[in-house]
Amino acid sequence: MNHLFSILSNLDRKEMTRFKDFVLSPYYNKHSGVVELVQFLNGIYPQFTEKSCGDAALAKAVFPNKTLKKAQIPVLLTYLRRLLYQFLDAEAYRNSTIAHSIFLLSKLRKKKQANLHQKFLERESSVINEQIYRDSDYYHKRFLLDGEADQMYAEQALANQKGALQQKDSHLDAYYLSEKLKDACEMRVRSRMVKVDYSSILLDAILRVLEQDKERYFQIPPVKVYYHIYQMIVKEEDGFYTTAFEAVEKMA
């Protein structure tokens, strides 16, 4: 089956309707043939069979009153497939609040809107700081916002450059350490289940750093949680299970 139809058949009804509306928008597409094609496909969704979606069948169904050659259909399908990829990208963006924030902040910064950039940055930072469950995703969002703040301060030669850069670096450390430990746990579990050996570069060095300064790094909830889960998996001692469980409870 054509990749286009394979993806379309896996959209739900609402997604298919949004895709049709996406293609009908002149901002994204001005090709009338592609408009006719997507309207037809929307009408037969999700029955994209070889019989109904072959080149000859599409030419006859979509353009019954026009002398459209069968060879022209693949061109329209290619255009529609490209629009589908753009639609999926837009859907991912639509469902990511942090992507919205970072793109908007970037645009405000490039348009020299320092005051609006600062207000929006403060608002978004406040929203994220209200997040009770501070997993690695929290620190990733903080890192991205701090990066935008540092960029604005540097470009506008404003005060607080040091503070933003320091926060960005600290939140990057927290995100990296959390993800690294989480993956280390997953690797250990999978290696036992499917008998596959994994190699984690820098893991031993990270564990040494954490153990040398637990007071500092265990202030980061996901680092503390995954560190103890990792120890529980590796050493299989009841004490580590209890500590890991308590760390998870405090993180929530």
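R142 and D146 sit 4 residues apart in helix α9 (residues 136–156), so about one helical turn separates them. Helices here are DSSP runs of H or I with at least four residues, numbered from the N terminus. The side chains of R142 and D146 meet in a salt bridge, with 3.0 Å from N to O. The term salt bridge stands for a side-chain nitrogen of Lys or Arg within 4 Å of a carboxyl oxygen of Asp or Glu. Both R142 and D146 are buried. Buried means under 20% relative accessible area, exposed means over 50%, and partly exposed lies in between, using a 1.4 Å probe and protein chains only.

Before we go on, a word about the model. It is predicted, so local features need pLDDT of at least 70 and side-chain atom pairs count only at pLDDT 80 or more, while totals for chains, interfaces and linings use all residues. Residues are numbered from 1 along each chain as its sequence is written, and side-chain values use heavy atoms, with hydrogens and water left out.

Let us stay with charged pairs. Side chains of opposite charge can pair when their charged atoms come close. The structure holds 10 salt bridges. One of them brings together the side chains of E91 and R18, at 2.7 Å from N to O. E91 lies in helix α6 (residues 73–94) and R18 in helix α2 (residues 13–24), so this pair ties together parts that are 73 residues apart in sequence. E91 is buried, with a relative accessible area of 11%, whereas R18 is partly exposed at 27%.

E91 has another partner: it forms a salt bridge with R94, where the closest N and O atoms are 3.9 Å apart. E91 and R94 both belong to helix α6, 3 residues apart, about one turn of the helix. R94 has a relative accessibility of 46% and counts as partly exposed.

Now look for the largest pocket. What counts as a pocket? On a 1 Å grid over the protein atoms alone, where a 1.4 Å probe fits, a pocket is an open set of points with protein on both sides within 12 Å along at least five of seven lines, and lining residues have an atom within 4 Å of a point. The largest pocket holds about 180 Å³ of space, a volume being the space filled by probe spheres set on the grid points, which are joined across faces, edges and corners. Its lining is made by A184, M187, R188, S191, V196, D197, Y198, S199, S200, L203, D204 and Y230. The elements that give two or more residues to this lining are α10 (161–194) and α11 (203–212). Helix α10 supplies the largest share, 4 residues. Sorted by class, the lining has 6 nonpolar, 3 polar and 3 charged residues. In this sorting, Ala, Val, Leu, Ile, Met, Phe, Trp, Tyr, Cys and Pro count as nonpolar, Asp, Glu, Lys and Arg as charged, and the others, Gly among them, as polar.

Together with V189, M193 and V194, they make a nonpolar surface patch of about 450 Å². V194 has its place in helix α10. Such a patch is built from residues with over 30% relative accessible area and no salt bridge, with nonpolar side chains (Val, Leu, Ile, Met, Phe, Trp, Tyr) joined within 5 Å. The areas come from the Shrake-Rupley method with a 1.4 Å probe.

The backbone deserves a look too. Most residues other than glycine have a negative phi, and most peptide bonds are trans. Where does a cis peptide bond occur? One joins Y45 and P46, with omega about 0 degrees, and P46 lies in the loop between α3 (32–44) and α4. K112 has a positive phi of about 60 degrees although it is not a glycine. K112 is found in the loop between α7 (97–110) and α8 and is exposed, at 58% relative accessible area. L202, also not a glycine, has a positive phi of about 75 degrees. The loop between α10 and α11 holds L202, which is exposed at 52%.

C53 is found in helix α4 (residues 50–53) and is buried, with a relative accessible area of 7%. The C-alpha atoms of C53 and F240 are separated by 58 Å, and the two residues are 187 apart along the chain.

Definitions and conventions: Patches are made of residues with over 30% relative accessible area and no salt bridge: like charges are joined within 9 Å, nonpolar side chains (Val, Leu, Ile, Met, Phe, Trp, Tyr) within 5 Å.
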